[in-house]
Amino acid sequence: QLDGYVVSSIGRTLAERIATATKTLRQPRAWSITGPYGCGKSAFALFLADLLSTSSPKHPDGRRLRDKVGLRNQRLFPLLLVGERAPLATSLLAGLAKSVLQLSPALAKEALKASHQAHPEQRLRLILKQAASLATKKGYNGLIFVIDEFGKYLEYAALHPDEADFFVLQELAEYADRKTDSPLVLVTILHTAFSEYVNRLGTSRRSEWQKVFQRLRMDNIE
């Protein structure tokens with residue numbers, strides 16, 4: 001699906017920064033990428049997954065970037081999800097169930113079961129840790145977790161503030177930035193600036209959301 005994709009100079013720079021962050025414990029590994037419709041964010045997400053999840057990327061720019069950054073044989077197992085208007089933790093677990101199926105059918109079944117239970121956010125981090133451990137055993141160096149259309153979760157949370165435990169995102173960002181030998185790289189993709197999603201919220205809830213999003217490194221891609 002990357003045939004014909006032209007990586008912009010901004011996209012190339014951003015991909016290099018994210019790739020570099022996988023090699024050191026001192027760099028942020030939780031990112032939020034924003035750009036308007038039609039600028040190629042979803043294609044960039046595939047390019048980034050291709051770059052980081054295989055030692056020989058399909059895209060030539062990916063191969064050049066790997067050589068430039070010095071990733072050598074380092075690979076991250078890809079977890080690729082598309083957002084929906086639904087509770088965040090429930091939807092992420094259901095998506096993870098599909099992504100981790102090739103790692104472990106048992107873990108996929110556990111993730112799907114957790115998505116239907118009360119307080120699914122309590123199981124999300126544990127299942128991610130288990131996925132990272134299994135990925136390591138299969139020769140990967142960690143996980144790359146890309147969530148496209150993340151704004152749909154924000155829209156749902158704004159409409160159902162009593163149902164949405166948005167601190168799940170904060171926990172994921174903190175987990176990504178934690179010093180570990182099996183890193184999690186977290187990338188969320190938005191169509192408009194985060195501030196546009198919180199206009200309908202009350203002052204206190206808007207402040208809570210802003211604190212959560214401060215855990216992510218913000219970048220624009222156009």
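Is Arg-72 buried or exposed? Arg-72 counts as exposed because its relative accessibility is 67%, where exposed means over 50% relative accessible area, buried under 20% and partly exposed in between, with a 1.4 Å probe and protein chains only.

Before going on, a word on the model. It is predicted, with local features needing pLDDT of at least 70 and side-chain atom pairs counting only at pLDDT 80 or more, while totals for chains, interfaces and linings use all residues. Residues are numbered from 1 along each chain as its sequence is written, and side-chain values use heavy atoms, leaving out hydrogens and water.

Most residues other than glycine have a negative phi.

| Residue | Phi | Loop |
|---|---|---|
| Arg-72 | about 55° | between α3 (60-69) and β2 (77-82) |
| Glu-149 | about 55° | between β3 (143-148) and α7 (151-159) |

**A helix pair**

Helix α4 (residues 88-99) packs with helix α8 (residues 167-177) at an angle of about 50°, and their axes are 9 Å apart. The two helices are therefore oblique to each other, a word for angles that are not under 35 degrees (roughly parallel), over 145 (roughly antiparallel) or 65 to 115 (roughly perpendicular). Axes here are lines fitted to C-alpha atoms over the stretch in contact, with angles running from 0 to 180 degrees between N-to-C directions. From α4, Leu-88, Ala-89 and Leu-92 make the contact, meeting Val-168, Leu-169 and Leu-172 of α8; contact means heavy atoms within 4.5 Å. These residues divide into six nonpolar, no polar and no charged.

**A buried strand residue**

Leu-190 belongs to strand β4 (residues 184-190). With a relative accessible area of 0%, Leu-190 is buried. Beyond its neighbours within four places in sequence, Leu-190 touches residues including Ser-32, Ile-33, Phe-150, Leu-154, Tyr-197 and Phe-213. Its C-alpha atom is separated by 15 Å from that of Ala-157, 33 residues apart along the chain.

Note on methods. Helix = DSSP H or I, 4+ residues; strand = E, 2+ residues; numbered from the N terminus. Nonpolar A, V, L, I, M, F, W, Y, C, P; charged D, E, K, R; others polar.
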